[in-house]
Amino acid sequence: MPHDRIAELIAPLRVRPGSKVRLPKDFDPGYTGDLIDKAAGTELLQRGVAMLADFQSRLAAQHTNGLLVVLQALDAAGKDGTIRHVMSGVNPQGVRVHSFKVPSAEELDHDFLWRYATRLPARGEIAIFNRSHYEEVLVVRVHPELLDRQRLPPRARNGSVWRRRFQAINNFERHLTDNGFQIVKLFLNVSKEEQRKRLLARIDRPEKNWKFSAADLHERGFWRRYQQAYADMLTHTSTEHAPWHVIPADHKWFSRIAAAAVIVNALDGINPQYPVLDTQARRELQEVRGALEEG
Ligand code: AMP
Ligand code: MG
């Protein structure tokens with residue numbers, strides 16, 4: 001994917017820092033840019049995947065920066081498939097995927113960012129958060145009883161808990177980017193109708209049955225509340241150092257291209273390079289080479 005093409009593709013998906021987001025008004029889940037169908041996007045995705053593999057190899061070799069990819073979405077929006085497709089070309093040694101579920105008792109005994117902090121990428125690594133610290137202002141906001149279980153002291157609940165959390169998250173991310181850890185934040189935006197179709201497919205297709213969970217249906221009942229929580233999250237946590245991109249997710253083929261493009265763009269910004277040896281080290285390498293040639 002050429003630079004210009006990537007920039008053109010992802011510009012409409014970026015949440016401008018400071019802008020107020022309304023959902024579903026501001027972002028169309030069915031958007032596919034100037035691409036008409038899957039066939040039109042196949043080559044683009046292949047090129048994106050190949051670029052990711054090359055960047056990942058350089059990132060590991062340079063060993064200076066790390067990349068955190070945050071994936072947030074409602075159920076059946078395609079998080080798992082996006083990870084599978086977009087990361088299909090990269091060396092598994094350089095990528096770690098962490099899927100965050102309902103917190104354990106030990107996790108609940110810590111501050112709300114603790115469990116995420118323990119799974120951050122190291123330098124040279126890419127980490128993917130399949131759900132993330134943002135669940136702390138999404139599912140926990142939609143279901144206040146989850147906040148009660150966190151046993152916060154009264155002063156942590158003063159005023160707006162959510163405003164405080166947005167601020168804490170922005171500070172946390174600022175600290176990471178200042179120290180060489182780039183953050184890509186993707187919200188896979190699926191429509192209510194498309195989610196309905198996908199949940200039905202999980203019931204109707206035996207090979208998808210394992211993915212169906214009655215809990216998904218229960219959460220679907222909170223659709224409006226989730227849209228509001230997502231909109232507020234996008235409004236308050238899309239920053240210059242770690243902006244959100246809203247990935248239209250009703251067409252899986254497009255969401256994969258768009259996700260790949262945003263990640264490639266971030267890596268391009270890091271521009272990782274293979275280390276180049278200095279003159280002395282090169283000379284030594286040539287001496288070793290000479291010795292090896294002689295047997
Ligand atoms: P899944 O991603 O489908 O395997 O589901 C994981 C479940 O864990 C979802 O229902 C999330 O809402 C839930 N979950 C993830 N993070 C949290 C959190 N911080 N607090 C409560 N529930 C969470
Ligand atoms: Mg699920």
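Analyst: Let us begin with contact, which means heavy atoms within 4.5 Å. This is a predicted model, and in it R202, leaving aside its neighbours within four places in sequence, is in contact with A76, K208, N209, K211, F212 and D216.

User: Where does R202 lie, and is R202 buried or exposed?

Analyst: R202 lies in helix α10. A residue is called buried when its relative accessible area is under 20%, and because R202 has a relative accessibility of 13%, it counts as buried.

User: How much space lies in the largest pocket, and which residues are closest to its centre?

Analyst: The largest pocket holds about 1300 Å³ of space. Its lining is made up of 48 residues, and those closest to the centre are D75, A76, K79, R131 and D216.

User: Which helix gives the most to that lining, and how do the lining residues divide by class?

Analyst: Helix α10 gives the most to the lining of the largest pocket, with 5 residues, while the helices that each supply at least two include α3 (79–86) and α13 (252–270). By class, the lining of this pocket divides into 19 nonpolar, 8 polar and 21 charged residues.

User: What is the volume of the second largest pocket, and which residues are closest to its centre?

Analyst: The second largest pocket has a volume of about 240 Å³, and of the 13 residues that line it, D111, F112, L152, A156 and R165 are the closest to its centre. Here helix α9, residues 161–178, gives the most to the lining, with 4 residues, and the classes are 6 nonpolar, 2 polar and 5 charged.

Note on methods: Residues are numbered from 1 along each chain as its sequence is written. Chains are lettered from A and ligands numbered from 1 in the order in which they are written. This is a predicted model: local features need pLDDT of at least 70, side-chain atom pairs count only at pLDDT 80 or more; totals for chains, interfaces and linings use all residues. Side-chain values use heavy atoms; hydrogens and water are left out. On a 1 Å grid over the protein atoms alone, a cavity is a set of points where a 1.4 Å probe fits but cannot get out, and a pocket is an open set with protein on both sides within 12 Å along at least five of seven lines; lining residues have an atom within 4 Å of a point. Grid points are joined across faces, edges and corners, and a volume is the space filled by probe spheres set on the points. Ala, Val, Leu, Ile, Met, Phe, Trp, Tyr, Cys and Pro count as nonpolar, Asp, Glu, Lys and Arg as charged, and the others, Gly among them, as polar. Buried means under 20% relative accessible area, exposed over 50%, partly exposed in between (1.4 Å probe, protein chains only).
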